[in-house]
Amino acid sequence: MNAWALPLADAQPAWSRALPAVVQAVGAPDFDTRVLQALDEAALGVGSWSVYQVWRDRPPQLHLSGSRGVADTTRDCFAAYRDAGLYRRDSSFDAVRPGHAAVLRMHADEAPSHDHRQAIYLRHGVLERLSVVQRGDDGAVFAVNVYRHAHQGRFGDGELAGFAQLAPVLLAGVQRHLALRQPAPDLRAALKARCAALTERELDVCERLLRGWSFDGIAADLGLSVATAKTYRARAFTRLGLHFKSELFAAFLPGGDCPPQG
């Protein structure tokens, strides 16, 4: 038998100290506060954060936000982003390809439009944003953003590297927390109520799509080829009067949210 001692906290990179706190906070009612504190104390110097989803065909949704050491204007910022339609012209996430995730950095001067810069960054003293962003196959963006404020200065090279190392766990932890927070709807019954003509296989495929499964996963679980799974999806969508996966989410998930991409 072999045994290894865990490294002492003082011997670990500063950013890694946030990992246990993120994992332990999942499912907790004060998740947003605990994670922000962990990020700040892990030598990242974060003043505020927000978690939201953005679609092209409907308004974005804010899931989590908060501030530490500064006035909490995160909801005011998001209201400006949503209500003024700034999300429709937000090109700051365009570098992330569908089906991929990435870490992005944006200074206030790099905001995608004058209105965006004025209404969110300059008005509220926000200097810089770091994001870990995942884009779904349908183009929807799921973003976990942390912000530095004017009095804090820009993120340094060490902080950027630390955030990049932490980002996969932070993204997964946030998505898992949101999934646990929402009650699981009876998706199969809702589909059947919408269209009694759906076959069992069509229900199987649509239910798994609503739970965030990929076609590869659906096919493997049901013992089908990927092409056959997509055929059942197409038939079901015809019966339901739908054309896109985003329409399925909007019709059957609470608030119309896409399931977190895992």
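Me: α2 passes α5 in a right-handed crossing, but what makes a crossing right-handed?

Reply: You look at how the near helix is turned from the far one: by less than a right angle clockwise is right-handed, anticlockwise is left-handed. So α2 over α5 goes down as right-handed. Bear in mind that this is a predicted model, where local features need pLDDT of at least 70, side-chain atom pairs count only at pLDDT 80 or more, and totals for chains, interfaces and linings use all residues. Residues are numbered from 1 along each chain as its sequence is written, and side-chain values use heavy atoms, with hydrogens and water left out.

Me: Why is α2 called roughly antiparallel to α5?

Reply: The axes of α2 (residues 31-44) and α5 (residues 157-181) come within 12 Å and cross at roughly 165 degrees. Angles over 145 count as roughly antiparallel (under 35 is roughly parallel, 65 to 115 roughly perpendicular, the rest oblique), so α2 is roughly antiparallel to α5. The axes are lines fitted to C-alpha atoms, for helices over the stretch in contact, with angles from 0 to 180 degrees between N-to-C directions. The helices themselves are DSSP runs (H or I, at least four residues; strands are E, at least two), numbered from the N terminus.

Me: Which residues of α2 and α5 meet?

Reply: Contact means heavy atoms within 4.5 Å. F31, V35, L39, A43 and L44 in α2 meet E159, F163, L166, L170, G173, V174 and H177 in α5. By class that's 9 nonpolar, 2 polar and 1 charged; Ala, Val, Leu, Ile, Met, Phe, Trp, Tyr, Cys and Pro count as nonpolar, Asp, Glu, Lys and Arg as charged, and the others, Gly among them, as polar.

Me: What makes α7 oblique to α8?

Reply: The axes of α7 (residues 200-210) and α8 (residues 215-222) come within 10 Å and cross at roughly 140 degrees. That angle makes the pair oblique. α7 also passes α8 in a right-handed crossing. R201, D204, V205, R208 and L209 of α7 touch F215, I218, D221 and L222 of α8, a contact of 5 nonpolar, no polar and 4 charged residues.

Me: How do you know that a space is a cavity?

Reply: On a 1 Å grid over the protein atoms alone, a cavity is a set of points where a 1.4 Å probe fits but cannot get out; lining residues have an atom within 4 Å of a point. Of its 17 lining residues, S50, C77, F78, I120 and Y147 are the closest to its centre. α3 gives the largest share of that lining, 4 residues.

Notes
On a 1 Å grid over the protein atoms alone, a cavity is a set of points where a 1.4 Å probe fits but cannot get out, and a pocket is an open set with protein on both sides within 12 Å along at least five of seven lines; lining residues have an atom within 4 Å of a point.
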